[in-house]
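Grab a pencil and work through these exercises with the structure open beside you. Each task comes with a worked solution, taken step by step.

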Amino acid sequence: MDQDQLKAEVARYATEYIDRYLRSDSIIGVGTGSTANYFIDALAKVKHKFDGAVASSEATAERLQACGIPVYDLNSVNELEVYVDGADEANDALQLIKGAGGALTREKIIASVARLFICIVDESKKVSTLGRFPLPVEVIPMARSSVARKLAAMGGQPVYRENFVTDNGNVILDVHDLQIDQPETLEQDINGMVGTVTNGLFAVRPANVLLVGTPSGVEEKTGQPQRS
C-alpha cells in the first residue's frame, strides 16, 4: 500500500472507531491536512449519525460543507465529544508536531476543548523523538523577526514560510534543528515568547488515541484517558 492508501485506510478506520460516540446531536471536531481530508470523505458516508462539525480551518469547513455536513462555530457548541486530526510527527507518548497546513492554532484550540482527541497518521509519521519535522510557530507579523531571534538563540533555525498567511491573519516560522527532548517544557517556553500565538507542539495536550495506518492494518495506541 502506498502512503495515500494508508491515509485513506486509517481515516476509514477512524470513522468506525468514533461510531460509539455519535448521537443525533453530536458535534465532531475535524482537523486539517491530507489525512484529515480522507477522514472527511469517510465521515460523509455516516453524516446521518451526527449533527455537524467544528472545523479547524476554512479549507476544512469548505470540504465539510461540500459533503453536506453542517459546520458550527466553536463558540456556539456546548460540548465537543471527539476531535479527529492528523499530525506531521507522533511519538510513543502520543505527543505531536502539527502545523504543516498552517492551522495549528485552531487545531490546538479545538483539541483543548474536546473530551477525546484522536490522531490519525500513516506509519511514516511515527518517530521516537520529535523534531525531524520542522516545528511551525504562528506569530503576529510585526513580531516575526524578534521571535525568530529568540528561536535561533534556543538552537533552532527559523525559516519564514513565504507567501503564506494563516486563517487568523498571521505568519508562520518553521523551525529546523530544534532539540526536543522535553516537549512540554519547550511548548510552554515558545508560547511564552511575546508575539507568538502558539506553536505546533501538542505535548501539554497530547492525543488520547493514536491510530497508525500500516501495510498490515491499523494499529491503536492509547495514552491519556478521555476527559470526564
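**Exercise 1. How many salt bridges does the structure hold, and which parts of the chain do Asp41 and Arg63 link?**

Step 1. The count is 15 salt bridges, a salt bridge being a side-chain nitrogen of Lys or Arg within 4 Å of a carboxyl oxygen of Asp or Glu. Before going on, note that this is a predicted model, where local features need pLDDT of at least 70 and side-chain atom pairs count only at pLDDT 80 or more, while totals for chains, interfaces and linings use all residues. Residues are numbered from 1 along each chain as its sequence is written, and side-chain values use heavy atoms, leaving out hydrogens and water.

Step 2. Asp41 pairs with Arg63, with 3.0 Å between the closest N and O atoms. Asp41 sits in helix H2 and Arg63 in helix H3, so this pair links distant parts of the chain, 22 residues apart. Helices (H or I, at least four residues) and strands (E, at least two) are DSSP runs, numbered from the N terminus.

Step 3. Check exposure: buried means under 20% relative accessible area, exposed over 50%, and partly exposed in between (1.4 Å probe, protein chains only). Asp41 comes out partly exposed at 33%, and Arg63 is partly exposed at 31%.

**Exercise 2. Take the salt bridge between Glu89 and Arg132: is each partner buried or exposed?**

Step 1. Find the pair: the closest N and O atoms of Glu89 and Arg132 are 3.9 Å apart. Glu89 belongs to strand E4 and Arg132 to the loop between E6 and E7, so the bridge ties together parts that are 43 residues apart in sequence.

Step 2. Read off the accessibilities. Glu89 is buried, at 1%, whereas Arg132 is exposed, at 61%.

Step 3. Now try Lys126 and Asp92, whose side chains meet in a salt bridge at 2.8 Å, N to O. Lys126 is in the loop between E6 and E7 and Asp92 in the loop between E4 and E5, so that pair ties together parts 34 residues apart in sequence. Here Lys126 is partly exposed at 21%, and Asp92 is exposed at 59%.

**Exercise 3. Work out how strand E6 is covered and which strands it joins.**

Step 1. Go along E6 (residues 116–122): seven of its seven residues are buried. One side carries Leu116, Ile118, Ile120 and Asp122, the other Phe117, Cys119 and Val121.

Step 2. Look for partners. E6 runs parallel to strand E3 (residues 82–85), with four bridges, and parallel to strand E12 (residues 209–214), with five. Strands count as paired if DSSP finds at least two bridges between them. Asp85 has Cys119 as its bridge partner, and Asp122 stands opposite Gly213.
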